[in-house]
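The following note was prepared for a colleague who wishes to examine the model alongside its sequence. Please read each point with the structure open.

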Amino acid sequence: MEENVRVEVVIREATAKDVEQVVVIEEKSFSDAWSKAIFQAELALPYTMFLVAEIEGLVAGYIIVEDIASELNIMNIAVLDDFRKLGIGGMLVEAILSYGKKNKVLGVTLECRVSNTSAVALYKKKGFHIEGVRKGYYSDGEDAYIMWVKKKKIILAVETSCDETSCAVLRGENELLANEVYSQIDVHKLFGGVVPEIASRNHLMKISEIVESAVSKAGISYDEIDLVAVTRGPGLVGALLVGLTYTKALAYALDKRFIGIHHIEGHIAANYLSSPELKPPFLCLVVSGGHTHLVDVRGYTEFKVLGRTMDDAVGEAYDKVARVLGLGYPGGPKIDRLAKEGRGTIEFPKAKMDGLDFSFSGLKTAVLNYINSARQRGEELNIPDICASFQEAVVSALYEKTKKAVEQTGYKSFALAGGVAANSRIREALHFEGVKSYYPPISLCTDNAAMIAAAAYHYDEAGYSSPLFVNASPSIKIGESFAEQG
Ligand code: KG4
Ligand code: ZN
């Protein structure tokens, strides 16, 4: 039959009358053909779909699919030789895929001979992936590819650990459908820093609106959500509880899986959203308002802390210096901007720490002393120079330890994470020979729920979940958040 002949193909349910023709196609197609009795039995099974492709009264192909536990298993598919070029196999598969979509099944799977390259190519074109091999599956001993099209899971995540109320919707591994962030900075800056009680109240006032807006921006309905994720710690306990309580109620009402995520692991996972090619293992420097950690990311759910600050976190030092300079809260972005106009000529002492640990309180105190003495002497402060010098001292400490960790681990990938990873000078300076550096866009560096969704994706893949009685955990350790969930 010529390829350009236009014929009408009807895909319909098989009846007993079709079996005769189906058996002929089956016997022409396979050496280990199913018998007539099997096809007749399949017609009667309640969980089996048996479709035929009919052309002008003739059965040209068929497909048999089992619908088990929300998964469709294509058991048999064949097309009469003369009709293969018409794309009938593809149409039969499409009919099953659209049935699957309509009925929100979790996946469609099939086995295919490894030697049948044209069939493998057809299935790949329809969205199937090879997920494994079944050894000696066919009666002649040939292996089968196990192929799947899986529904991409939809994750709704909430983050309320500090002063950002955020909700994100993620489809699959890294398709970000929405990432709503309400920052309370304007409220807290009146007090020069985050006031925990005010943070909790503001989360409470905003959370419903932010979640609703994320769901509407994502263009999904609540029943499409597969997993509800939330930051469980570390953070301000009152603030954490708002997100935790809200998402527990949501997961319960929607009858969805629920998972509590470590905030810092979320910061690390933000990199997977912006750089899908980044895969563990790699080295990560986490720099935020509360953390300064060098982390060996051994797997998506496996972390080893190689070094940490013994006192202040980098973000804390930025905020403190900015406060004394009268720059307001949060100080990081302001120092970053002013440093560009200054020269790093003031020598502040650097902490001498063993191994891969950091210390920033000495530097912070030195900068504060410098500012106070200058003020006492009545000298005018050169704020851009102070910012640039402080920043250079921070960058040099971060660079030195990170370089050591890069050499120690031998990893070829390095990632930055956390609010301070938004810093332009740190992003520019932390590069190492033979190592690829990654950092998320600024919107994914500072607190947001997208990063929580990204971390949740991988924990869920690995089979983790949280009970609805899980509590907020303000000082939980990296890599240990699933060890105790009581
Ligand atoms: O990760 P994050 O949003 O919240 C915590 O988990 O702590 O980090 C907030 C910190 C603040 O200390 C803020 O000053 C700092 O990140 N930060 C910056 C910059 N943008 C935010 N620090 C230096 N340079 C920046 N551009
Ligand atoms: Zn953070």
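This is a predicted model: local features need pLDDT of at least 70, side-chain atom pairs count only at pLDDT 80 or more; totals for chains, interfaces and linings use all residues.

1. Residues are numbered from 1 along each chain as its sequence is written, chains are lettered from A and ligands numbered from 1 in the order in which they are written, and side-chain values use heavy atoms, with hydrogens and water left out.

2. An open sheet of mixed pairing is formed by five strands in the order S10-S9-S8-S11-S12. Strand S10 (175–183) and strand S12 (257–262) are its edges, each pairing on one side only. On average, neighbouring strands of this sheet are turned by 20° against each other, direction ignored. Strands are DSSP runs (E, at least two residues) and helices likewise (H or I, at least four), numbered from the N terminus; two strands pair if DSSP finds at least two bridges between them.

3. Strands S8 (residues 154–159) and S11 (residues 227–233) run parallel and are joined by four bridges. Isoleucine 155 has leucine 227 in S11 as its bridge partner.

4. Helix H6 (residues 196–218) lies across S8, strand S9 (164–171) and S10, at about 25° to S9. Helix H8 (residues 263–274) also packs on the sheet, where it touches S8, S9, S11 and S12, and its direction makes about 100° with that of S12. Contact means heavy atoms within 4.5 Å; axes are lines fitted to C-alpha atoms, for helices over the stretch in contact, and angles run from 0 to 180 degrees between N-to-C directions.

5. Histidine 263 lies in helix H8 and aspartate 447 in the loop between helix H14 (442–445) and helix H15 (450–461), so the pair ties together parts 184 residues apart in sequence. Histidine 263 is buried at 6% relative accessible area, and aspartate 447 counts as buried at 15%. Buried means under 20%, exposed over 50%, and partly exposed in between (1.4 Å probe, protein chains only).

6. Threonine 109, in strand S5 (residues 107–113), is buried, with a relative accessible area of 9%. A polar atom of the threonine 109 side chain lies 2.9 Å from the backbone oxygen of methionine 147. Beyond its neighbours within four places in sequence, threonine 109 contacts residues including Leu72, Phe128 and Trp148.

Conventions:
A polar contact is a pair of N or O atoms within 3.5 Å; within protein, one must be able to donate a hydrogen and the other to accept it, and residues adjacent in sequence count only if both atoms are side-chain atoms.
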